[in-house]
Amino acid sequence: MSNILILIGTESGNAQMVAEAIEPELAGAGHDVRVTDKAASAADFAGHDTLLFVCATHGSGDIPSNMFPLHEALGRDKPDLSSLRYGVIALGDMTYQDTFCGGGKQMDKRLAELGAQRIGERLEVDASTQPLPDEEAVTWVKDWVRLV
Ligand SMILES: Cc1cc2nc3c(=O)[nH]c(=O)nc-3n(C[C@H](O)[C@H](O)[C@H](O)COP(=O)(O)O)c2cc1C
């Protein structure tokens, strides 16, 4: 059993909806799961061995404002995250071609730079073709949870 922390980066609620949809899938597989939209530094990862980022993209490829401080703190503090595993669900819109899913991609890059091991491939959800990101995420997480 893993202790999974789902971290939400959202401006308008889609990532929150996705987190609420996948949480029961992970808990139902026997994992201990907590959800937060307030993590601000690596200290907030305490007690968890697995992180699952659900991160939207705003502005021009930017991390949502509630997750931006975490990205900044990790870049500044450079904690050793080699004992952690993580996954990324990136929400975006292909209409923004050049910055598609930039928020989730930036979080993914930062975690990898700090030594955390990604589990599986990143899910990238395109709002222009997939109006129900929670359904796509639930399908993805059923496979992802087998790798945890
Ligand atoms: C003002 C604005 C800017 C956006 N910029 C981007 C972007 O640069 N790249 C991208 O892939 N998606 C972009 N999006 C799409 C959002 O990431 C997408 O709609 C996502 O599902 C929103 O999730 P949220 O409701 O959790 O914030 C933008 C959306 C808005 C409203």
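Q: How are the residues numbered, and what should I know about the model?
A: Numbering starts from 1 along each chain, following the sequence as written. The model is predicted: local features need pLDDT of at least 70, side-chain atom pairs count only at pLDDT 80 or more, and totals for chains, interfaces and linings use all residues.

Q: How many helices and strands are there in the protein chain?
A: Helices (H or I, at least four residues) and strands (E, at least two) are DSSP runs, numbered from the N terminus. The protein chain has 4 helices and 6 strands. Read from the N terminus, their order is β-α-β-β-α-β-α-β-β-α.

Q: What does the radius of gyration say about the protein chain?
A: The radius is taken over C-alpha atoms, and the globule rule is 2.2 Å times the number of residues to the power 0.38. For 148 residues that rule gives 15 Å, and the protein chain has 14 Å, which is close, so the chain is as compact as a globular protein of that length. Along its principal axes, the C-alpha trace spans about 35 × 35 × 25 Å.

Q: What share of the residues in the protein chain is buried?
A: A residue is buried if 20 or more other C-beta atoms lie within 10 Å of its own, exposed if 12 or fewer, and partly exposed in between, with C-beta atoms placed from the backbone. Buried residues make up 41% of the 148.

Q: And how do I read contacts in the protein chain?
A: Two residues are in contact if their C-beta atoms, placed from the backbone, lie within 7 Å. Among contacts with a separation of 6 or more, 81% join residues 24 or more positions apart.

Q: Which residues come nearest to the ligand?
A: Here a residue is near a molecule or strand if its C-beta atom, placed from the backbone, lies within 6 Å of it. There are 23 residues around the ligand, and T10, S12, N14, A56 and G92 come nearest. Two elements, α1 (14–28) and β4 (85–92), each give two or more residues to this shell. The shell then divides into 9 nonpolar, 12 polar and 2 charged residues.

Q: Where does α1 have a kink?
A: The bend at a residue is the angle between axes fitted to the seven residues ending there and the seven starting there. In α1 a kink of about 25° lies at I22, shortly before the proline P24. With 26 C-beta neighbours inside 10 Å, I22 counts as buried. Beyond its neighbours within four places in sequence, I22 contacts A137, V138 and V141. I22 and K142 are 120 residues apart along the chain, yet their C-alpha atoms are separated by 8.7 Å.

Q: Which residues of α1 are buried?
A: An α-helix has 3.6 residues a turn, so residues three or four places apart point the same way. In α1 the buried ones are N14, A15, V18, A19, I22 and L26. They pack against β1, β2 (32–36), β3, β4 and α4.

Q: What span should helix α4 have?
A: The expected span of a helix is 1.5 Å times one less than its number of residues. For the 15 residues of α4 (residues 133–147) this gives 21 Å, and the end C-alpha atoms are 21 Å apart, which agrees. α4 also bends by about 30° at V141. Its buried residues include W140, V141 and W144, and the buried residues of α4 pack against α1, β4 and β6 (123–126).

Q: Which residues have a positive phi although they are not glycine?
A: Most residues other than glycine have a negative phi, and most peptide bonds are trans. K78 has a positive phi of about 45°, and C101 has one of about 55°. K78 sits in the loop between α2 and β4, while C101 lies in the loop between β4 and α3.

How values were computed:
Ala, Val, Leu, Ile, Met, Phe, Trp, Tyr, Cys and Pro count as nonpolar, Asp, Glu, Lys and Arg as charged, and the others, Gly among them, as polar.
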